[in-house]
Amino acid sequence: MEDEFIYWPHPTPVGIKVEEISGMESKSGAIWRELAMQIYCENGRDGFREIGHFPNGAPFLFGMTARISITHTGHLLAVATLPKTPESNLASFAQRTAMGIDAERLDREQVIKVRDKFLSDAEKEFVAADNLEANIIAWTAKEALYKAAMTSGLDFKDAIKITSLPKIDRQMNLPGAPAPVIGTAVISIPMEEGDAMDVDMNLYSYESEGHCVTIAFSPKCAKFGRH
């Protein structure tokens, strides 16, 4: 089975590690995802990794103190990982561990048809209805931000606000490649007192296997250094 999958671990220019699994075109849907997750779990640096989920649905690795986020679409599965943060509670939101990842095919025109459901009027000013790539970036950004928030029920229009779009990095980690264009966003997270805490976030997008992959992360989150 392993011979039919491609497993690729790599760093990103923003200091977040991503592991990607693609291939095995003969399978699809839930079966493909389960097989791809098995490949991911078997490629742990220290042996087999087991994935669990917190009550809010966020994934974690048993016995590990590193934040992970997972996305799957078509024949691509990607898992983003932050450095270990034993000082943080991974079950709840913290800027030290605020990170999420999402991916979507760059040719999925259905995203434009539902843009009114996830874009505010202000966001529509810089995400043109006739620009498929911009809408794909915005959609993956909103999904990644939602995962990073670790808070169920956030409204995509009002509580998750993109203030500037990133540009898709198509030269990731190539020698001499220009610095990626980073986007920005704000998440409004409700507090127990009834108020909301506005959290500044960054957005990074890159292309992989015909997909736009977007990572949302806090400027204050733990990151891997460049080696």
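Here are some numbered notes on the structure above, grouped by region.

1. **Ground rules.** This is a predicted model, in which local features need pLDDT of at least 70, side-chain atom pairs count only at pLDDT 80 or more, and totals for chains, interfaces and linings use all residues. Residues are numbered from 1 along each chain as its sequence is written, and side-chain values use heavy atoms, with hydrogens and water left out.

2. **The open sheet.** Helices (H or I, at least four residues) and strands (E, at least two) are DSSP runs, numbered from the N terminus. Four strands make an open sheet in the order β1-β2-β6-β5, with antiparallel pairing; two strands pair if DSSP finds at least two bridges between them. At the edges are β1 (5–11) and β5 (66–73), each of which pairs on one side only. On average, neighbouring strands of this sheet are turned by 15° against each other, direction ignored. For such angles, axes are lines fitted to C-alpha atoms, for helices over the stretch in contact, and angles run from 0 to 180 degrees between N-to-C directions.

3. **Pairings within that sheet.** Seven antiparallel bridges link β1 and β2, and W8 has E20 in β2 as its bridge partner. β5 and β6 also pair in the antiparallel sense, over seven bridges, with S69 standing opposite A80 in β6. These two strands form a hairpin with two residues between them, and G74 in the turn has a positive phi of about 55°. Seven of the eight residues of β5 are buried, where buried means under 20% relative accessible area, exposed over 50% and partly exposed in between (1.4 Å probe, protein chains only).

4. **A helix across the sheet.** α1 lies across β1, β2, β5 and β6 (76–84) and runs at about 130° to β2. Contact here means heavy atoms within 4.5 Å.

5. **K84, in strand β6.** How far apart are K84 and A66 in sequence and in space? They are 18 residues apart in sequence, and their C-alpha atoms are 4.1 Å apart. K84 lies in β6 and touches M64, T65 and A66, not counting residues up to four places away in sequence. At 49% relative accessibility, K84 counts as partly exposed.

6. **The largest nonpolar core.** A nonpolar core is a set of buried Ala, Val, Leu, Ile, Met, Phe, Trp, Tyr and Cys residues joined through side-chain atoms within 4.5 Å. The largest one has 37 residues, and A138, L145, I162, L165, I187, M201 and L203 touch the most other members. At least two residues each come from α5 (132–149), β8 (160–164), β10 (183–190), β11 (196–208) and β12 (211–217). The largest share, ten residues, is supplied by α5. Leaving aside neighbours within four places in sequence, A138 is in contact with F118, L119, V127, I162 and L165. A second, separate core of 17 residues includes L76, I101, A103 and Y206.

7. **A covered strand.** Is β7 (residues 99–105) mostly covered or mostly open? Mostly covered: six of its seven residues are buried. β7 pairs with β12 in the antiparallel sense over seven bridges, and E104 stands opposite C212 in β12.

8. **Two positive phi values worth a look.** Most residues other than glycine have a negative phi. M24, in the loop between β2 (17–23) and α1 (29–42), has a positive phi near 50°. M150, in the loop between α5 and β8, has a positive phi near 55°. M24 counts as buried at 9% relative accessibility, and M150 is buried at 13%.

9. **Aromatic rings.** A search of the whole structure finds seven aromatic pairs. Rings of Phe, Tyr and Trp (its six-membered ring) pair if their centres lie within 6.5 Å; planes under 30 degrees apart count as stacked, over 60 as edge-to-face and the rest as tilted. The centres of the F60 and F62 rings are 4.9 Å apart and their planes are at 65°, so this pair is edge-to-face. F60 is buried at 16% relative accessible area, whereas F62 is partly exposed at 46%. Elsewhere, F118, W139, Y146 and F156 form one aromatic cluster.

10. **Charges over rings.** A charge sits over a ring if NZ of Lys or CZ of Arg is within 6 Å of the ring centre and within 35 degrees of the ring normal. K17 lies over the face of F224, at 4.2 Å from the ring centre. R49 lies over the face of Y40, at 3.8 Å from the ring centre.
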